[in-house]
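Have a look at it first.

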Amino acid sequence: MNDNYTHIILADDDEDDRLFFEDAFEELKMATKVNTYNDGVYLMDYLNKKDAIIPHILFLDLNMPRKSGKECLIEIKNNDRFKDLVIAIYSTSASEEDIEDTFVQGANIYIKKPSDFKKLKKILSSVVTTNWQYHTNGLNRSNFLLRL
Amino acid sequence: MAFVKIYKSSWFVKVVFVVSLFLILFVAGLGYKHITEVSESQSLVLETYEVSVELEKILSYLKDAETGQRGFFITQDSIYLQPFFKSRRKINNTFAELKSLTKANPTQQENLKQLNILIEDRLENFEIASKYVLKDQTDLQRFKNVFFDGKQIMDAIREKLNSMISLEKESLKKREEAYQNATRFTPIFLFSIIIFTLLLLYLAYVKINSNLDQLKQKNQQLLVFKESTNQSEIINKHGSWRWDIEADTFHFSENLFRLLGEKPNSFEHTPENFNRFVHPDDLDKLSKQVEQMREDKDLPFIHYRVIHKDASIHYLKAYGKSIVNSEGKTQLLGTTTDITDEIDYLNKLELRNQELELNNKELAAFNYVASHDLQEPLRKIQTFLSRLEDKEAINFSDSGKKYVERIHAAATRMRLLIDDLLQYSRTNKSDEVLIKSNINTILEEAKQDVAETILKENASINAAHFPEMKVIPFQIQQLFSNLLGNSLKYRSKDKDPVIDIAYESVYKKSDQRLLNALDENYHKIIFKDNGIGFKQEYAKKIFTLFSRLHNKDEYSGTGIGLSICKKITDNHTGFIFAESAPTKGAIFTIFLPK
């Protein structure tokens, strides 16, 4: 954790989305290390390992088989080890219900997956460069859904 | 007026009869008294005459005695003394007679006593005189004295008798006068009382007659009422029943039998007979409730089923309430209604509701498919397309580039359609609660939604200050951003868009468009732009789903945006209206209930 990289994890069951995500960071050429997991179970298995490197930012898809994003969110928020972890919800839908639920559960930001690669890059770079230490203090419902 | 009031009152007849009875008794008593008085006075008159006659008789007997004595004096023959002795006897008889006749009159009794003494004296005088004649004819002087004494006594007797007769006559006269005084007015008095009594009786008769007429009329009305009740029971499929609790007897109306599929009065009016028709599963419940009714003297609404002869099942509903009748007896009046149609209707409605619920669930599932599963492949197509445009565009031929461009346009339009449809179906949710919200913040958020366009089109938005309103916040935000987006999209080409948003608090009556509104007070929000506007004839059409006024080559759009606006105001039991003319800009007016 003492290196200068920003550690990023994405949990998403969709192969294409994982590909876009990795490509985007590759093209962004930021000091990031990206790991992806295929669903919530794989993700939690990793995070619960004692020697796991806890990432700076976790991108969490909501609709995943076996263990959904919401279940992961609750588990993470109930564990003090992850109190500094920034959680970005990364989902296809942006239904009021999902936004409300994840906000209440303590996610930091809600990203609706864009349909344009350039926009995706823009979003991801914005999330990574946000000073979350500062941002977390001013967390509120009206800027929870990321708009660019 | 007071008399009319008395005449109208129900106790009038009774009082008249009692009064008449007393008056007749009075008249009878008075008549009896009058007649008794007449006969009494008659007997008194007779008595007076008798007394006079007896008195006259006494005088005449004395005269007989005197005549006999004188005959004896002259002839010295004792034969002449016979009338004297006879007279003496007769006088005694008459005296006794007189005594009894005048026993009610003390004056005459006194007179009689004095008369008696005088007569005794006279008779003694006769005897003394007679002795003188027999013994010694010489002492003429003494005889003369005795004889003179006799004459004097005789005169006194005559005088006494006359005075007694005149006294008797006088008393007769007095009596007659007094009697006439007392009875002069009696006949007229009696007559008038009888006339008055007859009048009273006549009034009572008239009253009874009119009461009878009224009774007849009331009876007629009752008959009509009963018949109309019967008809109403048939039409409304209900029957009534009465339970006299003290006597424990029941009475069922005709239609109650028909509710059981029977002819009126086809069986005796008893609960046992009625229960024969009740559905076996409901019999226990019904019996318990009837038992309860015995205690409570009231029957709440109860439902049960009956089975007709044709085996058809009918649903009945009953209700009862106890009253105390004019005789102080408690009666339970009940109504039973056939609600089979209602139940059938309810069941059908229930079925429909279930179908609708199922449909809604399917729709919700479809929404999810549309929102998530359909979006995902589309998003990927678009993302890959953007990658293709970025990385591979240089390798394309001109027509290849054109195709990619077309694919891009089509995919964009598909996304728009899916998004809008999703929005539209989301506003379907009717179970959202109204929250007191700051409309100014909501408008700011709506502006954020279209911030990019505002910047691009160099638009200015002037908004008034809004009070708090009870709304579904995310829907109102959707409404505002749709209206803003609409104004920005249909902007005029030669001037920068300006959108004025005004607020007013209005009464229902102040705007004729609110004629059918349910509430009294409304928030009025007006969006006014300087865009291209539209013909007023389309003012209604633009709110219907998929309706568009322009070709999609001119203006992109799905024809859903304003339908969403309409749906949102509907959800708030509010209204939205549009006014416009080509090139004159458009005014959208929203009314939300306070």
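B:Thr573 comes out as partly exposed, with 44% relative accessibility (buried means under 20% relative accessible area, exposed over 50%, and partly exposed in between, using a 1.4 Å probe and protein chains only). B:Thr573 sits in the loop between α16 and β11 of chain B, and its phi is positive, about 50°, although it is not a glycine. Helices here are DSSP runs of H or I with at least four residues, strands are E runs of at least two, and both are numbered from the N terminus.

B:Asn265 is another non-glycine residue with a positive phi, near 55°. Look for B:Asn265 in the loop between α7 (254-259) and α8 (271-275) of chain B; its relative accessible area is 47%, which makes it partly exposed.

## Ground rules

This is a predicted model, so local features need pLDDT of at least 70 and side-chain atom pairs count only at pLDDT 80 or more, while totals for chains, interfaces and linings use all residues. Residues are numbered from 1 along each chain as its sequence is written, chains are lettered from A and ligands numbered from 1 in the order written, and side-chain values use heavy atoms, with hydrogens and water left out.

## The core of chain B

Which residues have the most contacts inside the largest nonpolar core? They are B:Phe480, B:Phe527 and B:Phe588, in a core of 37 residues. (A nonpolar core is a set of buried Ala, Val, Leu, Ile, Met, Phe, Trp, Tyr and Cys residues joined through side-chain atoms within 4.5 Å.) α15(B) gives the most to this core, with 6 residues.

Leaving aside neighbours within four places in sequence, B:Phe480 is in contact (heavy atoms within 4.5 Å) with B:Ile439, B:Ile442, B:Leu443, B:Ala446, B:Ile525, B:Phe527 and B:Ile590. There's also a second, separate core of 31 residues, including B:Leu62 and B:Val146.

## Where A meets B

At the interface, 22 residues of chain A are in contact with 20 of chain B. About 1,900 Å² is buried between them, with carbon and sulfur atoms giving 48%; buried area is the accessible area (1.4 Å probe) that two parts lose on being put together, summed over both.

The rule finds 6 salt bridges across this interface, a salt bridge being a side-chain nitrogen of Lys or Arg within 4 Å of a carboxyl oxygen of Asp or Glu. B:Arg387 forms a salt bridge with A:Asp23, the closest N and O atoms being 2.7 Å apart.
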